[in-house]
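Reader: I would like a close look at a single part of this model. Please take the ligand site and walk me through it.

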Amino acid sequence: MDLMQRPRRLRGNDVLRKMVRELRLDKSSLVYPMFVREGSNIREEIPSMPGQYRYSVDRMEEKLSELLDAGVQSVMLFGIPDEKDELGSGAYAQDGIAQKALRKAKQICPKMYLIGDVCMCEYTSHGHCGVLCGHEVDNDRTLELLAKTALSQAQAGADMVAPSDMMDGRVAFIRRALDAEGYANIPIMSYAVKFASSFYGPFRDAAGSAPSFGNRKSYQMDYHNRREALKEALSDVKEGADIIMVKPALAYGDLIREITDQINVPVAAYSVSGEYAMVKAAARVGFLDEEAVMCEMAAGAYRAGCGVYISYFARELAECMDQGMIG
Ligand code: PBG
């Protein structure tokens with residue numbers, strides 16, 4: 001057979017396949033999202049996210065050390081308060097759960113890079129991501145509280161803040177508040193391209209943050225929109241965002257690519273709770289190979305262009321990178 005092109009020649013053995021591999025991954029790009037709750041001596045499994053736990057502050061150390069041992073050096077912390085109110089005051093309280101967790105983590109694991117998720121939905125009695133005016137989330141009043149939240153997290157030891165609320169103008173507002181108080185060097189990772197997604201279901205169980213009425217479609221994006229994603233990303237870069245996040249990851253590879261091509265700040269992809277839960281559930285009944293699918297999903301996001309990958313599988317991915325299964 002006279003075939004000049006035989007792409008299979010480069011797939012003949014593992015050494016060669018790895019030699020010509022286009023994607024090289026590194027554990028330093030992984031971020032692990034972690035849930036911290038009030039109480040003591042608690043490590044409770046999240047029913048819809050098998051293998052993921054809510055930790056009380058005094059039990060965080062075991063998880064943080066396990067991550068560091070595996071080479072995962074960044075966590076994103078989500079606080080789960082005991083009490084909620086209309087104004088989500090636990091989000092910006094000096095002794096709020098996120099602030100306590102940040103202080104403790106800084107003290108017990110100074111090597112760990114700490115990212116604070118900035119949002120109100122875990123702290124409001126109605127479960128929306130901002131202050132209500134009637135049944136609407138009031139954008140401009142919410143900005144003040146988000147800025148207070150970000151500042152209190154920086155004061156508690158956050159190395160970076162990550163606003164996930166999707167209010168307009170919050171990046172600039174938070175930037176100014178941080179700068180005014182001497183935190184000009186704390187970066188902002190903006191959940192700029194965050195869709196109103198059903199993939200967040202298990203997270204809302206984990207954090208008890210489902211909205212008590214309505215949904216989040218008046219602030220999170222409509223998943224039919226591509227051009228609007230770019231608009232959100234560009235405007236957050238203008239407002240001072242240091243890293244732009246696309247979320248979820250799995251069904252949004254086109255946007256990870258588009259945004260990576262169009263903007264010049266690092267792009268993060270967040271493989272969310274529902275992505276994790278799907279893999280776990282399918283693996284549990286023997287329909288999928290958990291590890292293989294986890295690696296393939298991560299490679300897909302990196303191939304789409306992200307430089308940072310936020311995943312509940314961060315530790316397992318780091319181990320697979322060590323073993324050469326991925327990257
Ligand atoms: C808070 C927030 C959510 C997630 C991250 N930050 C939930 C939501 O917007 O409803 C989802 C993360 C996940 O599903 O893993 N606003």
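How many nonpolar, polar and charged residues does the shell around the ligand have?

Author: This is a predicted model, where local features need pLDDT of at least 70, side-chain atom pairs count only at pLDDT 80 or more, and totals for chains, interfaces and linings use all residues. Residues are numbered from 1 along each chain as its sequence is written, and side-chain values use heavy atoms, with hydrogens and water left out.

By class, the shell has 11 nonpolar, 3 polar and 5 charged residues. Here Ala, Val, Leu, Ile, Met, Phe, Trp, Tyr, Cys and Pro count as nonpolar, Asp, Glu, Lys and Arg as charged, and the others, Gly among them, as polar. In total, 19 residues surround the ligand, each with a heavy atom within 4 Å of it. The closest are Lys194, Arg204, Lys247, Ser273 and Tyr312.

Now the polar contacts (pairs of N or O atoms within 3.5 Å). The side chain of Ser273 places an N or O atom 2.7 Å from a ligand oxygen. For Gln220, a polar side-chain atom is 2.9 Å from an oxygen of the ligand. Lys247 has a side-chain N or O atom 3.4 Å from a ligand nitrogen. The protein covers 100% of the 400 Å² of accessible area that the ligand has on its own; such areas come from the Shrake-Rupley method with a 1.4 Å probe.

The ligand takes up the space of the largest cavity. A cavity is a set of points, on a 1 Å grid over the protein atoms alone, where a 1.4 Å probe fits but cannot get out. A molecule sits in one if more than half of its atoms lie within 2 Å of its grid points. Two or more shell residues each come from β9 (189-194) and α6 (201-207). Helices (H or I, at least four residues) and strands (E, at least two) are DSSP runs, numbered from the N terminus.

Lys247 has another feature. Its peptide bond to Pro248 is cis, with omega near -5 degrees. Pro248 is in the loop between β10 (243-247) and α8 (253-262).

Tyr191 lies in β9 and Tyr270 in β11 (residues 267-271), so the pair ties together parts 79 residues apart in sequence.

Definitions and conventions:
A polar contact is a pair of N or O atoms within 3.5 Å; within protein, one must be able to donate a hydrogen and the other to accept it, and residues adjacent in sequence count only if both atoms are side-chain atoms. On a 1 Å grid over the protein atoms alone, a cavity is a set of points where a 1.4 Å probe fits but cannot get out, and a pocket is an open set with protein on both sides within 12 Å along at least five of seven lines; lining residues have an atom within 4 Å of a point.
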